[in-house]
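Okay everyone, let's get started.

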Protein chains: 2
Amino acid sequence: AAMAGWGWARAVRGLLLDVSGVLYDSGADGGVPIAGSAEAVRRIKASGLKLQLCTNETQATRASFVRKLRAMGFDVSVAEVTAPAPAACGLLKERGLRPHLLVHHDLVPEFAEIDKTNPNCVVLGDAAENFTYANLNEAFRLLIGMEKPVLISLGKGRYYKETDGLKLDVGAYMKALEYACDVQAEVVGKPAKRFFESALAELGVPPEQAIMIGDDIENDVGGAQQCGMRALQVRTGKYRPSDENHPRVKPDAYVNNLAEAVDIILRQL
Amino acid sequence: AAMAGWGWARAVRGLLLDVSGVLYDSGADGGVPIAGSAEAVRRIKASGLKLQLCTNETQATRASFVRKLRAMGFDVSVAEVTAPAPAACGLLKERGLRPHLLVHHDLVPEFAEIDKTNPNCVVLGDAAENFTYANLNEAFRLLIGMEKPVLISLGKGRYYKETDGLKLDVGAYMKALEYACDVQAEVVGKPAKRFFESALAELGVPPEQAIMIGDDIENDVGGAQQCGMRALQVRTGKYRPSDENHPRVKPDAYVNNLAEAVDIILRQL
């Protein structure tokens with residue numbers, strides 16, 4: 001039954017993979033790989049399919065993120081990761097924007113080559129412990145003092161789970177600043193169309209020959225489908241059974257995990 | 001010209017006054033009275049008109065707030081202050097709600113008689129330095145863990161000005177928690193209709209015989225008009241000339257300050 005209706009997968013030439021909840025579960029000591037996922041990544045590469053990781057991770061540079069994944073057994077490189085901070089850097093350069101950063105300490109090096117003097121925009125990431133009253137007021141004052149406030153948000157997630165409990169994600173702080181300044185943030189990262197398009201450009205295949213695999217019904221599945229891709233939802237990570245009754249988004253298929261997705265896709269080829 | 005069209009003021013029997021921006025400007029050393037306002041309060045009382053202060057102040061108990069006003073020369077008492085925290089206490093008791101408080105340290109005594117064990121709602125005030133990452137996550141976790149999250153917000157202001165700069169107000173943090181929990185906060189304080197109604201009950205006059213005087217076009221003027229009161233905007237406090245082009249709210253009249261409002265009203269009687 002799981003194999004029925006996968007004919008469209010014969011056209012696939014590349015896969016976009018979400019990372020947290022698909023390759024590994026985040027938690028103490030940096031996280032735990034999801035069973036079968038490291039082997040699935042190896043099988044994708046051996047098959048000749050192209051692969052790109054498409055993540056909203058903003059608590060670390062791509063380099064340190066890749067080190068963590070490699071230590072967990074994943075054969076991936078920095079060039080195979082599409083993440084919001086480098087995408088934001090592209091946007092900042094293109095528009096001559098000089099950011100004030102309200103981001104995690106470990107993300108700051110991604111912006112090393114960006115001019116940050118005399119800021120004319122605010123870039124907001126999952127700043128975690130840097131989300132202090134003083135830092136939020138500072139970002140707010142800069143925005144409200146601009147003739148036309150520009151707020152760039154690295155994702156719009158509501159919350160995420162860590163081993164010590166749920167944490168407010170960047171989207172909640174984005175909403176606070178949006179309301180206070182009466183401005184709409186520009187979201188860089190999933191589900192922004194432009195972000196998926198840059199991941200596809202890295203992948204080197206058109207949307208109709210790519211499949212997105214993720215655990216987030218809206219940001220992964222809905223976002224990819226908006227770009228003309230097929231999209232699968234894994235039943236790992238933040239997946240909840242209620243996702244299968246989502247009012248707007250329906251994946252092209254459900255799979256129990258990445259390993260099953262790769263099994264089925266490779267059999268179509 | 002300022003006197004034209006004030007015939008409706010002849011029916012007035014009581015005044016509701018906003019405090020910050022009408023009686024005084026907040027700032028270093030607790031604030032500075034606005035010229036003529038203390039004398040205006042005395043003239044209101046001497047005239048036989050009833051008077052009630054209607055404030056969204058949540059950084060202090062009513063008792064300490066009144067001490068501060070009296071030290072500035074205002075002849076007011078605790079019974080003449082309608083404020084969000086006592087209103088919230090009434091609502092909590094009425095509905096059997098046990099709050100987790102995310103409020104300013106100095107406001108906590110207002111909730112002394114409220115059962116706060118095993119919380120089944122969150123009460124959010126202008127917590128200022130208490131708006132830490134840890135405290136926001138704690139309030140969020142309590143809410144998201146409830147079958148039906150109840151978030152009570154003491155006001156919904158965007159920001160306010162202090163001598164050391166602009167500060168995010170409670171409304172911004174309310175929006176963050178609303179988004180993260182997919183819930184709508186219940187606002188206690190201006191512009192909630194119920195809050196104005198309780199101020200009118202304290203005043204002891206019906207809305208058509210009361211005038212609200214405030215500096216906030218939406219929370220003071222718009223809110224009072226929604227309750228059937230007339231409302232004046234003073235050109236002090238947070239008033240900005242652009243308020244006079246507000247897309248939805250038009251005051252019954254503008255006055256330069258409270259002293260001018262009282263001058264004109266008393267001449268109608």
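**Charges over rings**

So, first stop: the charged end of R158(A) sits over the ring of Y179(B), 4.5 Å from its centre. By that I mean that NZ of Lys or CZ of Arg is within 6 Å of the ring centre and within 35 degrees of the ring normal.

Quick housekeeping. This is a predicted model, where local features need pLDDT of at least 70 and side-chain atom pairs count only at pLDDT 80 or more, while totals for chains, interfaces and linings use all residues. Residues are numbered from 1 along each chain as its sequence is written, chains are lettered from A and ligands numbered from 1 in the order in which they are written, and side-chain values use heavy atoms, leaving out hydrogens and water.

**Aromatic pairs**

How many aromatic pairs are there over all chains? The count comes to eight. The rule is that rings of Phe, Tyr and Trp (its six-membered ring) pair if their centres lie within 6.5 Å; planes under 30 degrees apart are stacked, over 60 edge-to-face, and the rest tilted. One of them is W6(A) with W8(A), a stacked pair at 5.4 Å centre to centre and 20 degrees between the planes. W6(A) counts as buried, because its relative accessibility is 3%; buried is under 20% relative accessible area, exposed is over 50%, and partly exposed is in between, with a 1.4 Å probe and protein chains only.

Another one is F131(A) with Y133(B), which is tilted: 6.4 Å centre to centre, 40 degrees between the planes. This pair crosses between chains, from the loop between β7 (121-124) and α4 of chain A to helix α4 (residues 133-144) of chain B. Helices here are DSSP runs of H or I with at least four residues, strands are E runs of at least two, and both are numbered from the N terminus. F131(A) and Y133(B) are both buried, and together with Y173(A) they make up one aromatic cluster.

**Helix α4 in chain A**

Which residues of α4(A) are buried? They are Y133(A), L136(A), N137(A), A139(A), F140(A) and L143(A). They sit on the same side of α4(A), because they cover an arc of only 165 degrees around the axis, taking the directions from the helix axis to the C-beta atoms. As a reminder, an α-helix has 3.6 residues a turn, so residues three or four places apart point the same way.

**A sheet in chain B**

Over in chain B, there's an open sheet of four strands in the order β6-β7-β8-β11, with parallel pairing. Strands pair if DSSP finds at least two bridges between them. At the edges are β6 (99-102) and β11 (186-188), each pairing on one side only. Four bridges join β6(B) to β7(B), and H100(B) has V122(B) as its bridge partner in β7(B).

Last bit. The peptide bond from K190(A) to P191(A) is cis, with omega near 5 degrees, and P191(A) lies in the loop between β11 (186-188) and α6 (193-203) of chain A. Chain B has a cis bond joining K190(B) and P191(B), with omega about 5 degrees.

Then there's N118(A), which has a positive phi of about 45 degrees although it is not a glycine. Is N118(A) buried or exposed? N118(A) counts as exposed, because its relative accessibility is 61%.
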